[in-house]
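Subject: Structure for you to look over

Hello,

Here is the structure I promised. Please open it alongside these notes.

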Amino acid sequence: MRLRRTSAIAAIAAAVAATTAAVYPSAPADRLAPMPALTAPGLAARYTADAHQITRAASAASRAGNTGLARSLDAMRGGQGVAVEVFGNLATATRVAILVPGSDTSLTTFGSRGTASPAGAARALAAQARDVDPRARLAVIAWLGYKTPSTLSPAVMTSGDAGQGADALRPFVEDLVGHGHQVALICHSYGSVVCGLAAAHLPVTDIAVVGSPGMDAPSVRALHTTARVWAGRDPGDWIQHVPHVHFLGLGFGQDPMAPAFGARIFECGSGGHSGYFKPGGIALRNLARIALGDTAGVTR
């Protein structure tokens, strides 16, 4: 099941355009076409049409003097979109694992890079969990709920984008918990910064980070969470060379793998920064057990 914000943005843009058209009859809103088939050309055409509608609505809002609305619409036009995909039966699941991805993740790469993409990683995690316990009622969610920074941009060394991601992740988790699910967060790379900022008093059972540059906190205690906090890293992962500092808004603090941080360290084997969800790997097996709540089965 995949939920995309595209249709929501289109609906908002259409509503705003229709409202402003009543005030400015010279710029009537076009009726949006039905959603196309989920193909690359079809979606590209729809995104272009939606962007056009948002642009017209922003112009109308600006002419009306509503600068706040105009800025919001401009921000929507420049957004990368979000996606959520569920693997397993969320309706019958008792446990849910949410996979939070890191930098350079977009709708384009959401499922196009095998297990190095959120959808591929979540699919592999769900399959591994079934192998560990075929009777487990687990759903795995690939969650792209925020604008991720580019690895080659200055933003990747700050928590600005992660803060927006945390603000989006909290209500998503709380809603799942409110419906009776036990939730674990599986956070990769920059996604672990998102999880660190969202962690305070969040009702999750486990937070597991892999390939983490830091969680924007000096220790597990500073996260203010009752969850079990796990950390794993491939010894050859390049992320280990990222300076673990927090100075003038740059960096994310203590290395989660450091004893002083206080996380539960688990084995990851070798696979590189993008290899934590490769089928057959030690990292994937341990992440599956964490997702299932089987803490005794995690190799430390």
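First, a term: a residue is buried when its relative accessible area is under 20%, exposed when it is over 50%, and partly exposed in between, using a 1.4 Å probe and protein chains only. The model is predicted: local features need pLDDT of at least 70, side-chain atom pairs count only at pLDDT 80 or more, and totals for chains, interfaces and linings use all residues. Residues are numbered from 1 along each chain as its sequence is written, and side-chain values use heavy atoms, with hydrogens and water left out.

Overall picture

The protein chain has 7 helices and 8 strands. These are DSSP runs numbered from the N terminus (helices are H or I, at least four residues; strands are E, at least two). Of the 300 residues in the chain, 47% are buried. Contact here means heavy atoms within 4.5 Å. Among contacts with a separation of 6 or more, 67% join residues 24 or more positions apart. The accessible surface is about 13,700 Å², and carbon and sulfur atoms account for 58% of it. That area comes from the Shrake-Rupley method with a 1.4 Å probe.

Helix α5

Helix α5 covers residues 160–178. Its 19 residues should span 27 Å at 1.5 Å a residue, and the end C-alpha atoms are 28 Å apart, which agrees. The expected span is 1.5 Å times one less than the number of residues. Buried residues in α5 are Asp 161, Ala 162, Gly 163, Gly 165, Ala 166, Leu 169, Val 173 and Leu 176. Their cover includes strands β3 (95–100), β4 (138–144) and β5 (182–188), along with helix α6 (191–198). Just after α5, Gly 180 takes a positive phi of about 95°.

The α4 and α7 pair

Helix α4 (residues 118–132) and helix α7 (residues 282–292) have axes that come within 9 Å and cross at roughly 75°. That makes α4 roughly perpendicular to α7, a label used for angles of 65 to 115 degrees. The axes are lines fitted to C-alpha atoms over the stretch in contact, and angles run from 0 to 180 degrees between N-to-C directions. On the α4 side, the contact uses Ala 124, Leu 125, Gln 128, Ala 129 and Val 132. On the α7 side, it uses Leu 284, Arg 285, Leu 287, Ala 288, Arg 289 and Leu 292.

Two buried residues

Which loop holds Phe 277? Phe 277 sits between β8 (264–265) and α7. With 4% relative accessibility, Phe 277 counts as buried.

Asn 286 is in helix α7. It counts as buried at 2% relative accessibility. Not counting residues up to four places away in sequence, Asn 286 touches Phe 266, Glu 267, Gly 297, Val 298 and Thr 299.

Backbone points

Most residues other than glycine have a negative phi. His 201, not a glycine, has a positive phi of about 60°. His 201 lies in the loop between α6 and β6 (206–210) and counts as exposed at 69% relative accessibility. Asp 216 also has a positive phi, near 60°. Asp 216 is in the loop between β6 and β7 (228–232).

Best wishes

Methods:
Parallel < 35°, antiparallel > 145°, perpendicular 65-115°, else oblique.
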